[in-house]
Amino acid sequence: MRLSRFWALMEDEFGATYAHVLSDTLVLSAYQLTVDQALAAGVGPREVWDAVCDQQDVPAARRLGRDTPAAR
């Protein structure tokens, strides 16, 4: 997963403002680092996203992002 996709998922799930607050304050129990610290330490965006989803109880149906209608 690219970092841009990670941020798109975070903002879709938590809102554009709160996603960045959460990334600065949420300590991921899997890494004992905040989201921002884990990303800076080299943990992959997919692993960080999965940890956020697990810790914040994001339903499996929303972990891949919002469904968007196909373009015609």
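These notebook entries record what I looked up in one predicted model.

**Ground rules.** I number residues from 1 along each chain as its sequence is written, and I keep to heavy atoms for side-chain values, with hydrogens and water left out. Because the model is predicted, local features need pLDDT of at least 70 and side-chain atom pairs count only at pLDDT 80 or more, while totals for chains, interfaces and linings use all residues.

**Entry on two helices.** I looked up helix α1 (residues 3-14) and helix α2 (residues 16-25), whose axes come within 7 Å and cross at roughly 115 degrees. Helices here are DSSP runs of H or I with at least four residues, strands are runs of E with at least two, and both are numbered from the N terminus. The axes are lines fitted to C-alpha atoms, for helices over the stretch in contact, and the angles run from 0 to 180 degrees between N-to-C directions. That angle makes α1 roughly perpendicular to α2, a term that covers 65 to 115 degrees, with under 35 counted as roughly parallel, over 145 as roughly antiparallel and the rest as oblique.

I then noted which residues meet, contact being heavy atoms within 4.5 Å. From α1 I found Trp7, Met10, Glu11 and Phe14, and they meet Ala16, Tyr18, Ala19, His20, Leu22 and Ser23 in α2.

**Entry on aromatic rings.** I found two aromatic pairs in the structure; rings of Phe, Tyr and Trp (its six-membered ring) pair if their centres lie within 6.5 Å, and planes under 30 degrees apart count as stacked, over 60 as edge-to-face and the rest as tilted. The pair of Phe6 and Trp7 is edge-to-face, because the ring centres are 5.1 Å apart and the planes stand at 80 degrees. Phe6 also pairs with Trp49, again edge-to-face, at 6.4 Å centre to centre and 85 degrees between the planes. Since Phe6 lies in helix α1 and Trp49 in helix α4 (residues 45-56), this pair ties together parts that are 43 residues apart in sequence.

Phe6 is buried, with a relative accessible area of 0%, and Trp49 is buried with a value of 0%.

**Entry on Thr34.** Thr34 counts as buried at 10% relative accessibility. Leaving out residues up to four places away in sequence, I found that Thr34 touches Ser23, Asp24, Thr25, Leu26 and Val27.

Methods: Buried < 20%, exposed > 50% of the residue type's maximum accessible area, 1.4 Å probe, protein only.
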